[in-house]
Amino acid sequence: MSAEEVLARLPPGCRFGTIRWLAEATSTNRVALEAAEAGAPEGLVVIADFQTAGRGRLDRRWDAPAGTALLLSTLVRPVDLPPAGWHLVTAAAGLAAREACGRFGGPLPDLKWPNDLMIGERKLAGILAEATGDGVVIGVGCNVSAAPAGAAWLEETGAVDRAELAAGLLAGLDRRLGRWAEIADEYASTCATVGRRVRVETAAGAVTGWADAVDADGALVVDGRAYAAGDVVHVRSPGGGGE
């Protein structure tokens, strides 16, 4: 995969027209954050074949052998959205990634609140958003041809063109940015966590209950109470239903 291959697949006028492809990086988010702090404009994309210090939420490591995953970060400067609403950029990236993954004939991934794509109960991809000044760097790591034990990968059901996957994700994100109310509605109606029994692990402790909704602020509503942040575990119901 190369920057040129991704650019050739993007629709005309796509804001993500500046792509830096790296054989190796500490993490694509770190490279994009450094560029953002140096004044890079919205639309920068960093793609790497291998990360020496890939990260997920809560500084968890994201490990993938070289060339087996899509490792991509983008810089967005949502000037029409207050920082309190920047979670919608993450939601837009999740929806775009889900759509792009679904193009290759396998099962359409589920969105698990707040930032994972799942095939059943196996993680396929994760999203890491990091704020910087007036911008947000959105990192996506998606297993393509290999995965850690217990995780899912796209090529379980057929060949995947990583350049096409990257371009589909970027085009889907470009199409959604700025349509904030629509993003909130689309995410709330798509999130597989809604309607499930869950355990929300927060700094104040763990809470178990039923996920009622994702509200307009992006918070997960569990038994009527909204949680803006936390790790979520899908819990088996007492009757033996799926996780």
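This is a predicted model: local features need pLDDT of at least 70, side-chain atom pairs count only at pLDDT 80 or more; totals for chains, interfaces and linings use all residues.
Let's start at one spot: Thr202 sits in strand β8, which covers residues 197-202.

- Leaving aside residues up to four places away in sequence, Thr202 touches Tyr227 and Ala229.
- Thr190 is 12 residues away from Thr202 along the chain, and the C-alpha atoms of the two are 23 Å apart.

**The chain as a whole**
- For 243 residues, a compact globule would have a radius of gyration near 18 Å, and the chain agrees with that at 17 Å.
- Picture a box of roughly 50 × 40 × 30 Å along the principal axes: that is what the C-alpha atoms fill.
- As for burial, 51% of the 243 residues count as buried.
- Take the contacts in the chain with a separation of 6 or more: 64% of them come from residues 24 or more positions apart.

**Helices α3 and α4**
- Two packed helices are described by the angle between their axes and the distance between the axes.
- Here, α3 (residues 87-101) packs with α4 (residues 162-176) at an angle of about 140°, and the axes are 8 Å apart.
- Roughly antiparallel would take an angle over 145 degrees, so α3 and α4 are oblique to each other.
- The crossing of this pair, α3 and α4, is right-handed.
- On the α3 side, the contact is made by Val89, Ala92, Ala93, Leu95, Ala96, Ala97, Glu99, Ala100 and Cys101.
- On the α4 side, the contact is made by Leu165, Gly168, Leu169, Gly172, Leu173, Arg175 and Arg176.
- Sorted by class, the contact of α3 with α4 has 11 nonpolar, two polar and three charged residues.

**Two backbone details in loops**
- Which peptide bond is cis? The one from Trp113 to Pro114 is, with omega near 5°.
- Pro114 itself lies in the loop between β4 (110-112) and β5 (116-119).
- Asp223 is in another loop, between β10 (220-222) and β11 (225-227).
- Although Asp223 is not a glycine, its phi is positive, at about 50°.

Methods
Residues are numbered from 1 along each chain as its sequence is written. Side-chain values use heavy atoms; hydrogens and water are left out. Axes are lines fitted to C-alpha atoms, for helices over the stretch in contact, and angles run from 0 to 180 degrees between N-to-C directions. Helices (H or I, at least four residues) and strands (E, at least two) are DSSP runs, numbered from the N terminus. Angles under 35 degrees count as roughly parallel, over 145 as roughly antiparallel, 65 to 115 as roughly perpendicular and the rest as oblique. A crossing is left-handed if the near helix is turned anticlockwise from the far one by less than a right angle, and right-handed if clockwise. Contact means heavy atoms within 4.5 Å. Ala, Val, Leu, Ile, Met, Phe, Trp, Tyr, Cys and Pro count as nonpolar, Asp, Glu, Lys and Arg as charged, and the others, Gly among them, as polar. The radius of gyration is taken over C-alpha atoms; the globule rule is 2.2 Å times the number of residues to the power 0.38. Buried means under 20% relative accessible area, exposed over 50%, partly exposed in between (1.4 Å probe, protein chains only).
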